[in-house]
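Hi everyone, thanks for coming. I'd like to walk you through one structure today, so let me put it up on the screen.

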Amino acid sequence: MDYMHFQSPYSTRNRMRRMLWTICWTVLARPFPKSLLMPWKRFLLRLFGAKVAGTANVYATATVFMPWNLVMKDHACLASGVDCYNAAPIEIGVNATVSQRSFLCTASHDISSSRHEQTERPIVIADRAWVAAEAFIGPGVTIGEGAVVGARAAVFKDVEPWTVVGGNPARVLKRRVIRED
C-alpha cells in the first residue's frame, strides 16, 4: 500500500484562481513600501474576495493564500512577512495586529489516514489582540479579545481573553491589564 499517495484538496479552478492572485499581488502590491498605496492593496484583496475594512493594513510582503477566506476589521494589521495560510477562514478583529513573520496556519493533515487528507479549521484573532513576531497560530485556534501571543510562541489551543501566552507550546504567562495613564 502506498501510504504517501496524496490527492490535492483544491480544484483546478481554485488553483488557477490562487495562481492569478499570486501574480497580481507579486506584481501590483509587493513592489511598494509598507505604507505606500495601502488603499490599492486593500482594493486588490477585495477584488479577490477578501472582506477588508477601509482602515485595515496589509503590508506588501505579507502572503495571503486565499484572499476570499480573509476578513480584516477596522485597524487590523498583517505586518511584514506574515504568512496567512488561510485554506479555511481567518478573521482579524478591530485593532488586532499580527506582527512580522508570524504564521497563521488553518490547515493540517489527518495523520491517522492512509490518504493523509488535508484538514482545515478557521482561525479567529479577536479585537485588540496582538500576535507578536514570528508566532505560529495553528488550525482552529481563537485568540481572545485583548490577548497577547508572545514572540515565537506556538499556539495550538484557544487563548483566553486578556491573557498573555508564550513558549512552545504556548502557556499562560499572566493576565493582561491595561493601565490608565
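Let's start with a question: does Arg152 count as buried or exposed, and at what relative accessibility? Have a look for a moment. Okay: Arg152 counts as exposed, because its relative accessibility is 61%, and the cut-off for exposed is over 50%. Keep in mind as we go that this is a predicted model.

So what does Arg152 do with its side chain? Arg152 meets the side chain of Glu134 in a salt bridge, at 2.5 Å from N to O. Glu134 sits in the loop between E13 and strand E14 (136–137), while Arg152 is in the loop between E16 and strand E17 (154–155), so this pair ties together parts 18 residues apart in sequence.

Now, how many salt bridges does the structure hold? Six. Let me show you another couple of them.

One is between Glu145 and Arg128, where the closest N and O atoms are 2.2 Å apart. That pair links distant parts of the chain: Glu145 is in the loop between strand E15 (142–143) and strand E16 (148–149), and Arg128 is in the loop between strand E12 (123–125) and strand E13 (130–131), 17 residues apart. Glu145 is partly exposed at 30% relative accessible area, and Arg128 is partly exposed at 42%.

The next one joins Glu91 and Lys73, with 3.0 Å from N to O. Again, distant parts of the chain are linked: Glu91 belongs to strand E7 (residues 90–92), Lys73 belongs to the loop between strand E4 (70–72) and strand E5 (77–78), and they are 18 residues apart. Glu91 has a relative accessible area of 30%, so we call it partly exposed. Lys73 is partly exposed too, at 33%.

Last stop: Asn14, over in helix H1 (residues 12–28). Is Asn14 buried or exposed? Asn14 is buried, because its relative accessible area is 15%, and buried means under 20%. And which residues does Asn14 touch, leaving aside its neighbours within four places in sequence? Those contacts are with Met66 and Trp68.

Note on methods: Residues are numbered from 1 along each chain as its sequence is written. This is a predicted model: local features need pLDDT of at least 70, side-chain atom pairs count only at pLDDT 80 or more; totals for chains, interfaces and linings use all residues. Side-chain values use heavy atoms; hydrogens and water are left out. Helices (H or I, at least four residues) and strands (E, at least two) are DSSP runs, numbered from the N terminus. Buried means under 20% relative accessible area, exposed over 50%, partly exposed in between (1.4 Å probe, protein chains only). Contact means heavy atoms within 4.5 Å. A salt bridge is a side-chain nitrogen of Lys or Arg within 4 Å of a carboxyl oxygen of Asp or Glu.
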